[in-house]
Amino acid sequence: MLATIESAVVFGVEGRPVTVEVHVSNGLPGFTVVGLPDTACRESRDRVRSALLSSSLPWPQKKTTVNLAPSGVRKQGAGLDLAIAVGVLAANGDLPPDAAAGVGFVGELGLDGSVRAVPGTIALVDAVRAPCVVVATAAAPEAMVIGGRAIRPVRSLADVVAALRGEAPWPEPPPLPPTAPPDPGPDLADVRGQRVARFALEVAAAGGHHLLMVGPPGAGKTMLATRLPGLLPDLGDREALEVTRVHSVAGLRLPAGGLVRRPPFRSPHHGSSGPALVGGGSSWLRPGEASMAHHGVLFLDELAEFAPSVLDALRQPLEEGSIRVCRASGTATFPARFLLVAATNPCPCGDGGPPGACRCSDRARARYGRRLSGPLLDRFDLRVDVGRPASGELLGGDPGEPSAAVAARVAGVRALAAERGTGTNAAIPVGRLDELAPLSAGAAAVVAGALRAGSLTARGLHRVRRVARTIADLAGRAEAVGEEDICLALQLRADPEVLGAAA
Amino acid sequence: MSGQLPPPAWLAALASLPGMGPARLRTVLSDRDPEAAWDQARFGALGVAEDLSRRWVMAARQIDVEALWARHQSAGIRVLSPGLAGWPRNLHDDPEPPALLFARGDPAVLDRPCVAVVGTRRCTAAGRSLAHELGSDLAAAGICVVSGLALGIDAAAHRGALSAAGGAAPAAVVGTGLDVVYPARNRELWDLVADRGGLLSEYPLGTGPERWRFPARNRIIAGLADVVVVVESDVTGGSMHTVEAALERDRTVLAVPGPVRSRASAGTNALLAAGSLLARDATDVLVALGLDVASRSRVGTVTGPGGSGDQVLDALGWEPATLEQLAERLGTPLGPVAVVLVELERDGWVAQRSGWYERLR
């Protein structure tokens with residue numbers, strides 16, 4: 001007898017529908033899975049057999065063939081287990097005919113017959129060609145995010161069989177846990193002093209400008225960076241779904257409500273490989289840290305310690321907001337639109353901030369500076385020098401402004417940018433700068449002076465104007481960009497000689 | 001053939017032999033002329049240790065003296081030797097003189113009173129500006145400014161000397177062959193000094209930069225100078241080698257005082273504490289040279305930019321500071337301070353490098 005069951009597999013961050021065909025016929029008892037299964041997929045035979053036996057269900061003593069259609073596409077993961085088990089039962093006549101019609105199955109089986117959640121549930125449920133999808137209870141909140149499909153959460157294979165036979169109703173979905181307010185994360189009020197760095201952080205959050213922090217060890221660069229997500233507004237519905245999809249495929253823990261509502265913060269170690277950062281892998285294509293930071297913050301600490309080739313791989317996502325990973329097994333596109341925040345020491349000894357204070361040799365400094373390629377440094381709109389705070393600021397001193405107050409201003413600026421139709425201020429196209437960021441007379445004079453003195457290039461000018469737009473928005477000056485705004489933008493400018501060699 | 005080549009050609013060839021330092025070259029030349037010395041080197045008859053002698057024989061076979069001399073002549077490089085015309089006057093009684101000097105440009109610029117202006121490569125903007133000013137004022141007063149064409153203070157002093165209209169031309173002593181520009185960033189300055197003043201080296205053509213050659217070069221700078229001025233230096237470093245060499249040669253050493261917390265001035269302040277003369281400006285240096293000068297102090301002659309610019313300059317002082325520190329000292333928001341800083345930088349009052357502001361005047 002033949003049974004066909006609907007399920008899906010993950011490719012990149014998308015799901016692909018798969019039809020599981022099970023054929024049971026007379027012949028030597030045996031069990032074959034065909035249709036390009038990977039190792040985890042092929043092993044499903046043993047899991048399915050044990051799960052059936054543990055659930056007091058019969059295992060056919062006949063020749064059983066499982067085909068995963070379309071058979072030309074490589075299947076990976078254990079998410080087809082449940083579909084195969086149901087298929088075997090149906091083909092063997094242990095389920096009423098057509099019991100599984102219009103029902104899709106996504107889940108991994110335990111040897112005891114329990115049904116487990118699999119990574120990428122959102123993408124899988126979205127891809128299954130059936131109006132009703134059976135998933136593990138643990139994956140129910142995630143699966144229900146999609147909407148438009150009936151979700152049947154189950155704990156075990158026995159639940160599924162009972163419901164398909166009509167002996168028991170489908171189990172009720174577990175009540176959604178109360179959506180507790182998401183953890184606000186570390187607060188900006190903890191940062192003492194650092195007025196310029198705090199300001200740069202606010203500008204970066206408000207305008208979506210990539211930020212480079214330069215400073216000696218222990219100055220608080222990491223502390224500042226971890227407070228950036230707290231300044232960003234909640235994700236919109238569409239963004240939240242995109243982010244949740246990536247996190248689900250990557251196997252990250254999702255919040256209780258299923259949807260990722262807060263901008264993610266990812267800080268990969270500087271030893272990370274290229275595929276770990278931008279995605280890839282040989283057997284199946286996994287999203288990298290850059291994609292996990294989609295609509296959030298990607299923080300690269302010790303930027304100069306990253307392998308230069310790894311950093312250069314970030315140039316495509318910084319440009320296009322997505323990463324195309326091409327392998328022999330296929331091409332996947334991962335979303336990767338993130339706010340890049342990087343931190344680095346000014347030189348190998350770390351003390352090279354104030355002129356004349358560095359102990360490094362010229363050669364060591366030059367070598368250190370060469371580790372950061374010009375094209376990458378070119379992507380940073382903002383650069384801020386983070387000095388060690390004075391002891392007085394650390395011990396006494398007023399606590400800084402709390403994140404909530406800053407976040408309110410940031411949300412205001414972001415709303416303004418959305419009204420103008422540019423997404424963020426960092427994305428204002430050059431052609432619309434004159435319209436959206438006009439210069440006041442004083443600001444124009446400052447810019448003209450800087451251009452004449454050669455301290456500002458044409459490309460640098462565009463960037464300075466975008467940053468000045470954000471600064472003016474933060475100050476509530478929605479019209480022309482003033483002299484003060486442009487001067488502050490010049491202060492926060494990332495000049496090409498970031499790790500300036502002495503001379 | 002050999003009779004047509006002048007003695008300097010043989011000298012240059014001898015200096016190109018491996019392991020031929022100034023002391024050894026002096027010994028070799030003590031009792032024979034360069035041409036004879038070269039012939040003996042070729043046949044291993046110079047009476048030096050056997051393995052060295054063998055190396056010289058091997059090396060001498062590779063050297064075509066005629067072609068080597070042609071290279072010197074086409075590059076406009078002269079070879080000076082002690083006792084002959086063009087040998088710098090101050091090196092006649094040097095305790096450790098070079099055995100020969102390669103020279104581009106006009107070594108006669110060293111006949112004027114010579115002042116070495118030296119300092120660290122990792123200098124502050126204030127130090128660089130002072131070195132420039134000293135170089136310019138000294139050159140205008142007819143002094144030959146001698147330095148090492150390194151980055152930082154050296155280069156600033158040379159640039160200053162070259163900038164003085166109608167001033168005396170500077171001289172430089174470098175630690176590489178005259179055809180190896182080091183640091184490469186100074187190529188333009190290197191050529192300017194060679195064209196308008198004098199460029200000297202005791203190393204043969206093709207000698208690359210090596211760590212130990214620079215302290216050796218510094219002794220020549222100290223030897224050439226009548227007075228040595230240290231603008232900025234840490235307590236260790238090349239400038240301190242120059243100072244030691246200068247003291248061995250009884251040269252007057254002057255030091256420019258700096259902020260006590262600045263690493264770049266730690267060495268000069270230590271020199272002052274140890275009794276060096278104070279160099280505030282070119283006048284102090286001219287007095288140390290024993291030249292009669294009309295005093296023209298710069299203190300008090302500079303009027304500030306006025307208004308909020310004065311306040312910011314006061315808050316800045318003479319040590320590097322960041323925007324944040326300035327706003328903190330003034331107790332104002334960042335924006336207005338940023339505006340004033342941009343104006344001050346435009347008008348040349350301050351210089352900014354990677355977020356740090358330094359006062360220039």
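**Charges, salt bridges and surfaces in a two-chain model**

E14(A), D126(A) and R245(A) are tied together in a network of salt bridges, a salt bridge being a side-chain nitrogen of Lys or Arg within 4 Å of a carboxyl oxygen of Asp or Glu. The model is predicted, and so local features need pLDDT of at least 70 and side-chain atom pairs count only at pLDDT 80 or more, while totals for chains, interfaces and linings use all residues. Side-chain values use heavy atoms, with hydrogens and water left out; residues are numbered from 1 along each chain as its sequence is written, and chains are lettered from A and ligands numbered from 1 in the order in which they are written.

Over all chains, a search of the whole structure turns up 37 salt bridges. One of them joins the side chains of R379(A) and E319(A), at 3.6 Å from N to O. This pair links distant parts of the chain, 60 residues apart: R379(A) sits in the loop between α15 (374-377) and β16 (382-385) of chain A, and E319(A) in helix α13 (residues 315-320) of chain A. Helices (H or I, at least four residues) and strands (E, at least two) are DSSP runs, numbered from the N terminus. R379(A) counts as partly exposed at 22% relative accessibility, whereas E319(A) counts as exposed at 55%. Here, buried means under 20% relative accessible area, exposed means over 50%, and partly exposed is in between (1.4 Å probe, protein chains only).

D31(B) pairs up with R32(B), and their closest N and O atoms are 3.5 Å apart. In this pair D31(B) is exposed at 59%, and R32(B) is partly exposed at 22%. E248(B) does likewise with R249(B), with 3.8 Å between the closest N and O atoms. E248(B) is exposed because its relative accessibility is 57%, but R249(B) comes out as buried at 7%.

Now for charges at the surface. R363(A), R367(A), R370(A) and R211(B) gather there in a patch of positive charge. Patches are made of residues with over 30% relative accessible area and no salt bridge; like charges are joined within 9 Å, and nonpolar side chains (Val, Leu, Ile, Met, Phe, Trp, Tyr) within 5 Å. Lys and Arg count as positive and Asp and Glu as negative, with His and the chain ends not counted; a charge is placed at NZ of Lys, CZ of Arg, CG of Asp or CD of Glu. R363(A) belongs to helix α14 (residues 362-370) of chain A and is exposed, with a relative accessible area of 63%.

A83(A) tells another story. This residue lies in helix α3 (residues 81-91) of chain A and is buried, because its relative accessibility is 0%. Setting aside neighbours within four places in sequence, A83(A) is in contact (heavy atoms within 4.5 Å) with I5(A), S7(A), V20(A) and F105(A). From A83(A) to E21(A) it is 62 residues in sequence and 9.4 Å in space, C-alpha to C-alpha.

As for whole chains, chain A has 21 helices and 16 strands, and 53% of its 503 residues are buried. Its accessible surface is about 20300 Å², with 53% belonging to carbon and sulfur atoms; accessible areas come from the Shrake-Rupley method with a 1.4 Å probe, and for residues only the protein chains shown count as cover. Chain B comes to 15 helices and 12 strands, with 53% of its 361 residues buried.
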